[in-house]
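Thanks for coming. I will go through one model today, starting with the fold as a whole and ending with a single residue.

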Amino acid sequence: MFRQRSIAAARRYATATTAPASGPQARASVPNYALFQQRLDKARSTVLENKPLTLAQKILYAHLHDVSSMTSAPVAGETYLKLSPDRVAMQDASAQMAILQFMLSGMKQTAVPTSIHCDHLVEAYEGADKDVARSWQTSREIYEFLQAASQKYGIAFWKPGSGIIHQLVLENYAAPGTLMLGTDSHTPNAGGLGMLAIGVGGADAVDAMASIPWELKAPRVLGVRLQGKLHPWGSPKDVILALAGKLTVRGGTGFIVEYFGPGVASLSCTGMATICNMGAEIGATTSVFPYTPSMARYLRATQRAPIADAADAQQAAYLSADEQVAESPEKFYDEIIDIDLSALEPGYNGPFTPDLYTPRSRMANTVKDEGWSDKVSAALIGSCTNSSYQDLSRAASLARQASERGLRVAEGTEFLVSPGSEQIRATMERDGIQQAFESIGAKVLANACGPCIGQWNRDENPVVKNRETNSIVSSFNRNFRARNDGNPNTMNFLTSPEMVLSAALSGRLSFNPLADTLTDSAGNPFRLEPPTGDELPRDGYALGRDEYRPLLDHQAAMEIPIAPTSARLQTLEAFAPWDGQEFGNTRVLITVQGKCTTDHISAAGKWLKYKGHLENLSRNTLIGAANAAMDGQVNVVRNSVQGLEPAQGTIPDVALAYKTAGVPWLVIADYNYGEGSAREHAAMQPRFLGCNMVVARSFARIHETNLKKQGVLPLVFARPDEDYFIFAKDPHELVVSTLGVKDINEHNPVVSLLVERVKDGSVVDSYSVECRHTMSADQIGWFKAGSALNLIASQQAQ
């Protein structure tokens with residue numbers, strides 16, 4: 001049993017029942033399950049023809065904006081659903097552009113409860129409070145802008161140091177059966193609490209904030225059946241690491257991943273959140289678990305008992321798949337994958353991609369065979385994926401074993417810990433977890449994203465300074481090249497907190513705590529006992545410092561500060577609307593070779609400070625992209641316009657030269673273009689520099705939508721394994737026009753590219769390349785208006 005905190009202490013928080021239905025909230029109010037059920041019943045009795053539904057389908061159809069406007073049942077992968085989200089959450093890096101767009105919408109207040117979380121701009125360096133204080137020095141302008149905007153529009157504002165967005169959402173705002181949009185790709189973390197939480201770009205968030213129905217192509221549902229129970233060294237992280245290894249970074253595209261089966265009941269709420277969080281790494285729209293007793297325990301432990309009580313009553317009717325689905329899942333899920341938790345061993349995913357899976361038992365041989373650096377230069381626990389109380393308490397149990405034997409982290413290995421929130425930090429400190437980590441040499445960082453997103457000042461470390469090949473081990477969710485410390489030769493291996501701790505102690509990637517031994521201070525070998533920890537703190541969660549509670553201060557007359565001379569904030573100018581004609585005289589800026597994530601298109605790290613200044617941020621456009629026509633060289637292209645300088649240069653330089661000369665350009669891309677984060681800057685920057693089309697072998701979901709939102713036409717090759725290669729040879733010689741854009745509509749997806757190869761002013765060859773668009777009628781409206789924001793603004797003005 002958990003001990004109850006004093007009434008006086010509990011009153012320091014708003015509770016689920018006292019929170020307002022709209023405006024800034026400290027905690028979510030009790031969901032209107034009666035309304036959800038009413039909408040769902042109407043959909044069932046009409047277009048759905050009373051067919052049994054999975055959990056994901058129930059939540060989606062309970063949030064249809066207007067079921068009466070639908071004439072037939074939605075077809076997965078084809079029909080666009082118009083949905084009414086319940087909530088929006090934004091982190092500080094993406095919130096800047098979202099707020100700048102919302103300012104142009106004409107709205108006086110957000111239409112749904114919204115929160116901003118300052119977690120991305122705190123750089124890990126000296127640790128904890130010092131790093132937060134320094135972030136105020138370096139980013140005060142941004143924080144004051146976001147705070148003022150929050151006050152003006154009725155948004156809950158969580159200041160730097162309060163915690164990571166997804167942990168704070170789980171602790172305060174997630175509620176089973178609700179629908180949330182978040183301007184971060186790991187928003188699905190809240191699926192661990194039965195919420196349908198979907199990562200989007202800022203323009204999508206603005207839709208919800210402006211009470212405009214949000215569009216989503218009806219996803220297919222991938223059922224993952226869990227059997228058995230994790231063994232003592234097993235972790236929920238191992239579930240998603242193994243699944244990513246099976247599905248790859250593209251395998252979940254177009255799916256909601258829904259977990260079911262007897263193994264679900266054995267997992268904690270925060271463990272399920274870990275699994276849902278990394279669903280982003282397989283390209284899934286989102287991931288979700290059915291309502292379980294562990295969710296109810298978590299809700300009650302985080303002072304949301306009224307939500308738990310209401311959800312308890314909805315468990316069968318709304319918060320789990322229909323009985324027929326449970327009885328015959330093969331009939332209702334589009335695909336099913338089985339995972340036996342009992343047989344699952346700890347895994348490592350990496351380097352450089354989150355889907356390269358190696359089970360622990362094969363790691364030593366793989367390290368040797370692949371020539372990976374065995375020495376671990378840094379071990380990092382934390383991030384939004386693994387910073388819960390259970391994660392930290394289990395890792396701390398291993399730290400105590402080492403400390404009792406006089407052992408500290410291995411020489412030359414840096415050990416860093418990032419708590420997920422102020423609540424977690426305070427509880428960790430009270431319960432001796434922080435002391436256990438520090439006793440073996442850990443540095444505790446701020447309650448922020450830090451190294452996971454590249455906010456890690458490691459510049460003085462020789463491995464970074466000299467661009468040395470080195471290995472780090474982390475409990476993070478993403479490990480693209482150069483992402484964490486700016487060194488393209490740092491190999492990040494993703495694993496569970498327990499495996500990170502064992503790597504910190506051994507200093508070796510090849511170390512297997514299930515079989516190998518460590519040496520204590522007396523020279524005696526010993527083997528670590530399996531980790532143990534509590535699902536929830538026995539004495540309840542500590543409240544933490546009052547200064548890190550959210551600001552809930554709605555002032556409609558508040559002025560939002562943007563200095564005209566600012567290098568970090570810039571008011572947006574509307575993109576020009578489409579002129580109604582075919583695209584012509586369009587040049588190929590680059591044919592991208594291989595993986596091109598949003599990190600490659602719009603780098604983070606040192607560039608995060610420009611997230612609110614589109615013109616300055618555009619200077620990093622595609623600087624990580626490899627050029628297929630130049631043997632994979634990064635950030636270098638040839639200029640295709642004779643006499644225009646530079647003749648060869650960086651991608652931003654040549655793109656800017658095209659823009660200045662009035663020459664439109666396009667990008668040719670490989671498979672899964674734009675995978676990774678939800679950052680809409682990766683669509684806005686090319687648009688700002690004059691891009692009119694991106695033609696890819698395939699797109700990641702969020703990025704394709706972001707391109708549409710910004711008025712860029714995304715096309716996919718009808719023959720991706722053939723036509724892509726037309727553009728891989730000397731693309732600077734190609735001049736492209738279109739056929740089908742002038743008459744573009746949702747019923748005919750065909751757009752053809754008419755391609756001419758020009759040498760010395762003469763056409764020497766020509767090609768016709770058939771492509772497809774995936775735009776709905778509403779999305780075509782965005783395209784014609786020049787952007788979704790342009791369309792919103794025009795509608796508000798009417």
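A word on terms before the counts: helices here are DSSP runs of H or I with at least four residues, strands are runs of E with at least two, and both are numbered from the N terminus. The model is a predicted one. On that basis, the protein chain has 26 helices and 31 strands. Its radius of gyration is 26 Å, close to the 28 Å that the globule rule gives for 798 residues, so the chain is as compact as a globular protein of that length.

Some other totals for the chain. Taken along the principal axes, the C-alpha atoms fill a box of roughly 80 × 60 × 55 Å. Of the 798 residues, 64% count as buried. The accessible surface comes to about 27800 Å², and carbon and sulfur atoms account for 48% of that. If we take contacts between residues at least 6 apart in sequence, 75% of them join residues at least 24 apart.

Next, the open space. The largest pocket has a volume of about 1100 Å³. Its lining consists of 39 residues, and those nearest the centre are Ala482, Gly486, Ala604, Gly605 and Lys606. Which helices each supply at least two residues of that lining? They include helix H5 (128-153), helix H17 (462-465) and helix H19 (598-601). The largest share, 5 residues, comes from H5. By class, the pocket lining has 14 nonpolar, 11 polar and 14 charged residues.

The largest cavity holds about 250 Å³ of space. It is lined by 24 residues, with Gln91, His120, Asp184, Ile453 and Ser677 nearest its centre. Helix H4 (92-102) and helix H6 (165-172) each give at least two residues to this lining. The classes there are 9 nonpolar, 10 polar and 5 charged.

The second largest cavity has a volume of about 210 Å³. Around it are 20 lining residues, of which Ala280, Gly283, Glu675, Gly676 and Ala700 lie nearest the centre. That lining divides into 8 nonpolar, 8 polar and 4 charged residues.

From space to packing. Helix H9, residues 269-277, is mostly covered: 9 of its 9 residues are buried. The buried residues of H9 run from Cys269, Thr270 and Gly271 through Met272, Ala273 and Thr274 to Ile275, Cys276 and Asn277. What covers them? H6 has come up already, as a contributor to the lining of the largest cavity.

Last, one residue. Gln314 sits in helix H11, residues 305-314. Is Gln314 buried or exposed? Buried means under 20% relative accessible area. Gln314 has 16% relative accessibility, so it counts as buried. Leaving aside neighbours within four places in sequence, Gln314 is in contact with Tyr33, Gln37 and Leu319. For a sense of distance, take Gln314 and Thr738, which are 424 residues apart along the chain: their C-alpha atoms are separated by 52 Å.

That is the end of my part.

Definitions and conventions. Residues numbered from 1 in each chain as written. Predicted model: local features only at pLDDT ≥ 70, side-chain atom pairs only at ≥ 80, totals over all residues. Heavy atoms only, no water. 1 Å grid on protein atoms, 1.4 Å probe; cavity = no way out; pocket = protein on both sides within 12 Å on 5 of 7 lines; lining within 4 Å. Points joined across faces, edges and corners; volume = space filled by probe spheres on them. Nonpolar A, V, L, I, M, F, W, Y, C, P; charged D, E, K, R; others polar. Rg over C-alpha atoms; globule rule 2.2 N^0.38 Å. Buried < 20%, exposed > 50% of the residue type's maximum accessible area, 1.4 Å probe, protein only. Contact = heavy atoms within 4.5 Å. Areas by Shrake-Rupley, 256 points an atom, 1.4 Å probe, with all protein chains shown as cover.
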